[in-house]
Amino acid sequence: MSWLLVAAVLAGFALGPSAGTDHIVGANHGWNPNINYSLWSGNQTFYVGDLISFRYQKGTHNVFEVNETGYDNCTMAGVAGNWTSGKDFIPLPAARRYYFVCGNGFCLQGMKVAITVHPLPHNATSKGSSSHADTGAQEEAAAAALGTRSAAWLATLAVAAAAVAAFC
């Protein structure tokens, strides 16, 4: 019976709590001045349901989501959100362009990143339409896929709990 517990736990880790990818800004360099974040973001592919994570020294840096003008001019134009924890996990729920800057004066030293979030690939949606007008349906399918994976995660945890209870 212990193999069942191990299998359930491993399956849970394989599924994960969500379907999205966590993109850590700057990879091992984190969110710091004088790093080419355009190069980093150009090597990433972001999809609806992914996360973008910022890791930095709390109190020294922060993250603001701004509009394109705020990004271009390193201002707070169009602020849509701000984070200050030092380990910020920001969901990317819509297919669109996102702009992030450090609001503590470090934007002028390169602490800004722009990303484009794409709809989920067609094989991950239920409709599979190639029309750009069908973005709403694609987002609904993405949300359904995330819900299905979350339900599978919870079911796996329930199996693991039942296996543990059987041994106790």
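Modeller: Let's start at Tyr71, where Lys112 lies over the face of the ring, at 4.6 Å from the ring centre. A charge sits over a ring here if NZ of Lys or CZ of Arg is within 6 Å of the ring centre and within 35 degrees of the ring normal. A word on the ground rules: this is a predicted model, in which local features need pLDDT of at least 70 and side-chain atom pairs count only at pLDDT 80 or more, while totals for chains, interfaces and linings use all residues. Residues are numbered from 1 along each chain as its sequence is written, and side-chain values use heavy atoms, with hydrogens and water left out.

Tyr71 also has an aromatic partner. The structure holds 7 aromatic pairs, meaning rings of Phe, Tyr and Trp (its six-membered ring) with centres within 6.5 Å; planes under 30 degrees apart count as stacked, over 60 as edge-to-face and the rest as tilted. Tyr71 and Tyr99 make a tilted pair, because their planes stand at 45 degrees, with the ring centres 5.4 Å apart. This pair links distant parts of the chain: Tyr71 belongs to helix α3 (residues 68–73) and Tyr99 to strand β7, 28 residues apart. Helices (H or I, at least four residues) and strands (E, at least two) are DSSP runs, numbered from the N terminus. Tyr71 is buried at 11% relative accessible area, and Tyr99 is buried at 12%; buried means under 20%, exposed over 50%, and partly exposed in between (1.4 Å probe, protein chains only).

Now follow strand β7 (residues 97–101), which runs antiparallel to β8 and is joined to it by 5 bridges. Two strands pair if DSSP finds at least two bridges between them. Phe100 has Val113 as its bridge partner in β8. On another side of the story, β8 (residues 112–118) runs parallel to strand β2 (residues 46–47), with 2 bridges between them; there, Tyr47 is partnered with His118. In general, strands of a sheet pair through backbone hydrogen bonds, either parallel or antiparallel.

The side chains of Arg96 and Glu65 meet in a salt bridge, 2.8 Å from N to O, where the term stands for a side-chain nitrogen of Lys or Arg within 4 Å of a carboxyl oxygen of Asp or Glu. The two come from distant parts of the chain, 31 residues apart: Glu65 is in strand β4 (residues 63–66), and Arg96 is in the loop between β6 (87–91) and β7. Glu65 counts as buried at 8% relative accessibility, whereas Arg96 is partly exposed at 36%. The whole structure has 2 salt bridges. Another joins Asp22 and Arg55, at 3.7 Å from N to O, and it links strand β1 (residues 22–24) with strand β3 (residues 51–55), 33 residues apart.
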